[in-house]
Amino acid sequence: MGAAAVAVIRLRNPPVNALSLTALQALEDGLKRADADPSVKAVMICGENGKFSAGADIRGFSSPKRHGIALGPIISLIEKSEKPVVAAIEGIALGGGLEVALGCHYRIAHVKARMGLPEVTIGLLPGAQGTQRLPRLIGVPAALDIITTGRHIPATEALKLGLVDEVVEENTVEAAIRLANKVIGQPLGPRRLSLKPVPKLPNMEAFLREALVKVKKQAHGCLAPELCFQAVKAATEQTFADGVRKEQELFNILLTSGQAQALQYAFFAERAVQKWTTPSGASWKSASPQPIHKAAVIGLGTMGRGIVTSLVKANIPVVALEQNLEYLNMGRKAVMLLLEREAMKMEQGAQTLRFHNPARLQFTVDFDVLQDVDLVIEAVFENMALKKEIFQKISRICKPGAFLCTNTSALNIDEIASATRCPQQVIGTHFFSPAHVMRLLEIIYGLHTSATAIATAMQLAKALKKVGVVVGNCFGFVGNRMMFPYVQQAVFLLEEGSRPEAIDQVLEDFGFKIGPFRMSDLAGLDVGWRSRKGQGLTGASLPPGTPARQRHGHRYSPLPDLLCENGRFGQKTGKGWYQYEKAGGRTAKPDPWLHNFLAQYRDTHHIKTRFIDQEEILERCLFPLMNEGFDILAEGIASGPEHLDVIYINGYGWPKHRGGPMFHASTIGLPRVLAKLQKYSEAHPDVPGLRPSAFLKKLVAMGNPPLKDWMSYLSRQSNKL
Ligand SMILES: CCCCCCCCCCCCC[C@H](O)CC(=O)SCCNC(=O)CCNC(=O)[C@H](O)C(C)(C)COP(=O)(O)OP(=O)(O)OC[C@H]1O[C@@H](n2cnc3c(N)ncnc32)[C@H](O)[C@@H]1OP(=O)(O)O
Ligand SMILES: NC(=O)c1ccc[n+]([C@@H]2O[C@H](COP(=O)([O-])OP(=O)(O)OC[C@H]3O[C@@H](n4cnc5c(N)ncnc54)[C@H](O)[C@@H]3O)[C@@H](O)[C@H]2O)c1
């Protein structure tokens, strides 16, 4: 039989062949034409441009036209075909794309292809019969893992699991056509997954019970993983048709849940921030990144060692520099340990060799070694004088054109740049701890930072598999600036009668991975203490007679300072807002000492203790954080609310299924946020963070516009000025 007997259906919807309404219609038409044409003996489905399909068009889920549009019936049509249908999987087959492939009778994949059902990551479940076909093909444990995590499976793993029939290194489409020709006339019954039973497990009930516990634990309040589980469970208990009905029912619950909307917003927000712009007109469109062949990290403390690890993992040669041999040896040991652990996590043990290649990772105390690096990341103590000294030195030593980055958490980028001869090369690259794990890289441009420096930092983020977010220069930048009022309110709530464990619980129930007090114990209370001493808010430089609970006419809580004065730095000392089993311990237990201490403190300062309910805790902590966000937007520090949301999801453990603080504000409704801030501000007039932002007030006055329109109200305002 010649190749002409095989009809080719090519999914075409650039850039990722998402299944839009038009694409679905074309697929259905193609199938029907092939079925009706007697000269066609087999069908091959592939994707345009080396990509099978990224699944359903995610934008379509929020379209009012979505009702009644289904992919499942088209997949049933594929499976029922009396002519063999072969899927040629190149690039990606994700979500609905993989479900199409599961409807085919044979699947052949390129060795570099990736497959998966990532619907869970956008708040959904595979809604085109995937939850019923996959367990029939590869068994319940593997299917459950793929569906509840959404992870991408490389082709080689897919072959081992039996997800694909063949993996090829050559032209996949040609191989699929060959296979289609070969199987013409062979019985298709055994190839129809809907007719197969779900493979039995000796202990299915116990397995499912344990799996549910695990899924719930990892979900942190996100609905989709548990509903994915329920759909797969239905496959083990019901017929294919009933399972599909259950899948539809669960899919519709998720589709109309606010969580799916939030997660899909987060998906597009992460992509939107890649298209950065600055108020001066620099943008991703015109700026080109410079290649980074070699980098350096100065300071191998908590952050430096993680940054070195991240660079090594990205295969970028690194010079790691410390102030003296003692610190260098400590830093070297720590980096080696991190690399060892990372190598163990990776599949190929050979990675270890690469990590240990001395030509690619050099430890030194000699600044002259920095002469030939393309980029330096400074991660020394948070001290302006020290940072300026280092920047002056490196701008002399490094070659012209080298990028000089600082990992400062809050300090002024322009002041640091002023110590150099090349302020256009200076940029903030704010990593988050642990730097080799956390996905966020806040990229801060100063007054003189060049567009090339921004583009290069963004490119670096990508190489490190991080999300870069470009923001302007102000104290604390975006993330930490929004965090200050949040943490401040948490401490004020303690003064007023609450406890660390109560506040943490409310915020963890909201979905934060860790509440503010557990977080503070983890990061070390001494870090903030040092910063407050530096700002003259506490310590020896505080003018005598300063009221204990007031600074510059505003409310101030000395509680964190008092804890530090008592040697309670958090986990590192075994005591902080909680007690730990030992110094360096990780299990936080409520501490009666602290409860007594709080009671005495309230007595001393004549604070009447009151019961504070969950609603107040949540609103007092979250609304000032959002409020600061509105000020940040109004000042032009970030170019849109998506930036703030991406920062909070990837750097501060904000629950992704709530879309980020600004998205959350929009779902609560800005009038309600404003009214509550007004109420709390009236009760606490000495707390500036509770005073509603002028921009928030303006948006409310303009009728609470949708988040995507917020920035237009600012540009109109500035145009008028
Ligand atoms: C009224 C019309 C209705 C239409 C809907 C009809 C379908 C109805 C069927 C319902 C039944 C359910 C079917 C199924 O179970 C549900 C799904 O399939 S949900 C989708 C699942 N797939 C995904 O989650 C994949 C998401 N994409 C990715 O992970 C990545 O984009 C990628 C594919 C791995 C590629 O990564 P990169 O190379 O890094 O590129 P980018 O990420 O920058 O993406 C490039 C560009 O493409 C856009 N894009 C990617 N995937 C989709 C998608 N599925 N839908 C729409 N757009 C997508 C992405 O946003 C980028 O564009 P930009 O934002 O930069 O403009
Ligand atoms: N720790 C965090 O969670 C965190 C998060 C984000 C950003 N940051 C910022 O990162 C920077 C580093 O913080 P850290 O927590 O890693 O500090 P750290 O105290 O753990 O480490 C700082 C390191 O810098 C070294 N150093 C000091 N002077 C030096 C010099 N002249 N030359 C070379 N090395 C020198 C020190 O020996 C030390 O090892 C700070 O600016 C901090 O604000 C910290």
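Author: Proline 434 sits in the loop between strand 14 and strand 15; helices (H or I, at least four residues) and strands (E, at least two) are DSSP runs, numbered from the N terminus. This is a predicted model, in which local features need pLDDT of at least 70, side-chain atom pairs count only at pLDDT 80 or more, and totals for chains, interfaces and linings use all residues. Residues are numbered from 1 along each chain as its sequence is written, chains are lettered from A and ligands numbered from 1 in the order in which they are written, and side-chain values use heavy atoms, with hydrogens and water left out.

Reader: What is the omega of the peptide bond from serine 433 to proline 434, and what is the bond called?

Author: Omega is near -5°, and the bond is cis. Another cis bond joins proline 14 and proline 15, with omega about 5°. Proline 15 belongs to the loop between strand 1 (6-11) and helix 1 (21-36). Most peptide bonds are trans, and most residues other than glycine have a negative phi.

Reader: What is the phi of histidine 220?

Author: Phi of histidine 220 is about 50°, a positive value, although the residue is not a glycine. The residue lies in the loop between helix 8 (204-219) and helix 9 (224-237). Asparagine 315, also not a glycine, has a positive phi near 70°; its place is the loop between helix 12 and strand 10 (318-321).

Reader: Why is histidine 220 called partly exposed?

Author: Buried means under 20% relative accessible area, exposed over 50%, and partly exposed in between (1.4 Å probe, protein chains only). Histidine 220 has 39%, so it is partly exposed. Asparagine 315 has 36% and therefore gets that label too.

Reader: Why is glutamine 264 called buried?

Author: Its relative accessible area is 8%, which falls under the limit for buried, so the word applies. Glutamine 264 is part of helix 11 (residues 258-272).

Reader: Which residues does glutamine 264 touch, not counting those up to four places away in sequence?

Author: Ile58, Phe61, Ile122 and Leu124. Contact here means heavy atoms within 4.5 Å.

Reader: Which residues come nearest to ligand 1?

Author: Ala54, Gly96, Glu99, Glu119 and Arg271, out of 32 residues around ligand 1. A residue is near a molecule or strand if one of its heavy atoms lies within 4 Å of it.

Reader: Which element gives the largest share of the shell around ligand 1?

Author: Helix 11, with three residues.

Reader: What side-chain atom lies 2.6 Å from an oxygen atom of ligand 2?

Author: A polar one of lysine 387. The distance is within the limit, so this is a polar contact. Glutamine 323 has a side-chain N or O atom 2.8 Å from an oxygen atom of ligand 2. Helix 15 gives the most to the shell around ligand 2, three residues.

Reader: How confident is the predictor in the chain, by mean pLDDT?

Author: The mean is 95, and 97% of residues reach 70 or more; pLDDT is the predictor's confidence in each residue, from 0 to 100. Over residues 716-721 pLDDT stays under 50. Where pLDDT is low, the predicted coordinates should not be read in detail.

How values were computed
A polar contact is a pair of N or O atoms within 3.5 Å; within protein, one must be able to donate a hydrogen and the other to accept it, and residues adjacent in sequence count only if both atoms are side-chain atoms.
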